[in-house]
Amino acid sequence: MRSVALLMLSGAALFAGTPVNVTFYRDVLPILQERCQGCHRPGEVGPMALGVYDETRPWAKAIKQAVLLGKMPPWYADAPPGKFHNDPRLSQQEIAKLAAWADTGAPAGNPKDAPRPLTFLEGWSIDKPDAIFQATAYQIPATGTLEYTYFIVPTGFKEDRWIAQAEVRPGNRAVVHHANVYIREPGSNWLREYPMGKLFVPEERGERVGTGGSSSAGASVREQVIAGFSPGRPAKQVPDGYAMLIPAGSDLVFQLHYTTNGKPSTDVTRIGFVFAKQTPSKRVIRVQASNAGFVIPPGAEDYPVTGSAALGVDAELLNVYPHMHLRGKSMVLSAVYPTGEREEFLRVPHYDFNWQLVYALSQPRILPKGTLLKADATFDNSANNRTNPNPKATVRWGDQSWDEMMVGFFDLAIPVTTDPASVLRTQ
Ligand code: HEC
């Protein structure tokens, strides 16, 4: 990917025929609608809107630069186009158009050529939510390090609810490092000692708080993450006929992680749910292959850590998603089938903590019972890693970004009658 980008920079002549007479309305706007406006519109993560001509024109050169380098749209999988259905990468032709537009003075062209503007639901990137829950306002101080803070709210659902879409929305993105919302089923004792409806920082932060240091089935299934926010992560969506389950009587546990930015501020984080129109044929759950026992030595440039989890049932693999922090360098997510054959699903050669992207397979895979889910990561704890907070530190698992995590997430679909606690074998 990187070498391709350099080649392209070194000579526009590489393009078979530079596009001519490129205009904003006819050529550029359709690309922005398709690939950019999901994030570059008011209220979303992109730092500026790329909607109308006047607001886009000043960014023409920056757009050219960002697309030639492959920085935008953000995408980190080394995979052929088509492997993931949410692959947002531009074609060579589209890149050439954006570059030619910048090089020829970014002309507007004829407004009559413009595609119809997209209509977005303000405040959500999912469809209009059927139910919304929110945490109470959190006062973020100007400075300091903030611990993971939790907030628990009962759903009040009297019957099981099937969720087709879910989205977590921070009120103030500038200070929300990440926000996850977990389902706490009635049978779970997780954080039971804490009151409902109040923000709190748990005193003893064991392995089951946070995204979970262990991949034991009980912990990861009775307290499922239903959705999370971090920049660039799309709202979690599942294919038609599939849904996530919130059992009757469940609570929602908000896990909020704030970073200070020099001024005091306030945040109210919300979650919205779109209910499935009918009972789905498959239930979607998220499991993980992780490793919480690593010790990364100071200065290590390419420190390997692996994690695995074995399936106790047949399942269908939908999405994969790597999670590490600032020293995360690469991750490969794969499966070893009971036959011994290995299949690779995702290869992220240059991991970037700022983009917690979910990769959705175009062709879901059937994983037979006994399949081993694997995550193979490397960490760069050297001074060459420009995001490394401290190359002299010995690094272990922890919540803060200067600690590390190593989790490969796998979104699986299982029959609705399957007990989720049986999905992973306890190893
Ligand atoms: C998934 C969300 C997302 C998508 C899709 C996306 N962007 Fe961005 N973009 C961001 C965010 C967030 C930033 C600021 C952080 C950064 O620069 O990495 C950014 C930064 C940029 C910048 C740099 C701004 C600066 O300050 O220099 C440009 C230019 C840009 N985007 C153009 C585009 C174009 C063109 C597309 C579509 C082809 C696109 N982006 C698609 C989220 C997105």
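**Figure 1. Leu 191 sits in the loop between strand E5 (176-184) and helix H6 (217-222).** Helices (H or I, at least four residues) and strands (E, at least two) are DSSP runs, numbered from the N terminus. What you're looking at is a predicted model: local features need pLDDT of at least 70, side-chain atom pairs count only at pLDDT 80 or more, and totals for chains, interfaces and linings use all residues. Residues are numbered from 1 along each chain as its sequence is written. Leu 191 isn't a glycine, yet its phi is positive, near 60 degrees. Most residues other than glycine have a negative phi. Leu 191 counts as partly exposed because it has 19 C-beta neighbours inside 10 Å. The cut-offs go like this: a residue is buried if 20 or more other C-beta atoms lie within 10 Å of its own, exposed if 12 or fewer, and partly exposed in between, with C-beta atoms placed from the backbone.

**Figure 2. Ala 106 also has a positive phi, of about 50 degrees, although it is not a glycine.** Look for Ala 106 in the loop between H5 and strand E1 (131-134). Is Ala 106 buried or exposed? Ala 106 counts as buried, because it has 20 C-beta neighbours inside 10 Å.

**Figure 3. Here is helix H2 (residues 24-35) with its buried residues: Phe 24, Val 28, Leu 29, Ile 31 and Leu 32.** Seen down the axis of H2, these buried residues fall within an arc of 160 degrees, so they line one face of the helix. (The arc is that of the directions from the helix axis to the C-beta atoms.) And what do the buried residues of H2 pack against? Their partners are helix H3 (53-56) and helix H5 (92-103).

**Figure 4. Now for helix H4, whose buried residues are Ala 60, Ile 63 and Val 67.** They cover an arc of only 60 degrees around the axis, which puts them on the same side of H4. H5 is included in what covers these buried residues. Turned away from the buried side is a face of H4 that carries the exposed residues Lys 61 and Ala 62. After H4 comes Gly 70, with a positive phi near 75 degrees.

**Figure 5. A cis peptide bond joins Met 72 and Pro 73.** Its omega is about -15 degrees. Most peptide bonds are trans. Pro 73 belongs to the loop between H4 and H5.

**Figure 6. This view takes in the ligand and the 20 residues around it.** Which of them come nearest? They are Cys 36, Cys 39, Ala 62, Met 72 and Pro 73. A residue is near a molecule or strand if its C-beta atom, placed from the backbone, lies within 6 Å of it. Helix H4 (residues 60-68) gives the largest share of the shell, four residues. Sorted by class, the shell has 15 nonpolar, four polar and one charged residues. For that sorting, Ala, Val, Leu, Ile, Met, Phe, Trp, Tyr, Cys and Pro count as nonpolar, Asp, Glu, Lys and Arg as charged, and the others, Gly among them, as polar.

**Figure 7. Five strands make an open sheet with the order E16-E15-E18-E13-E20 and antiparallel pairing.** Two strands pair if DSSP finds at least two bridges between them. At the edges are strand E16 (342-348) and strand E20 (424-425), each pairing on one side only. Strand E13 (residues 303-311) and strand E18 (residues 372-379) run antiparallel and are joined by eight bridges.

**Figure 8. Asn 319 lies in strand E14 (residues 315-323).** Asn 319 counts as buried because it has 24 C-beta neighbours inside 10 Å. Leaving aside neighbours within four places in sequence, Asn 319 is in contact with Val 358, Tyr 359, Ala 360, Leu 361 and Asp 411. (Contact here means that the C-beta atoms of two residues, placed from the backbone, lie within 7 Å.) The C-alpha atoms of Asn 319 and Phe 410 are separated by 5.9 Å, although these residues are 91 residues apart along the chain.

**Figure 9. Over residues 1-14 the pLDDT is below 50.** pLDDT is the predictor's confidence in each residue, from 0 to 100. The protein chain has a mean pLDDT of 89, and 90% of its residues reach 70 or more. Where pLDDT is low, the predicted coordinates should not be read in detail.

Conventions. Arc of directions from axis to C-beta.
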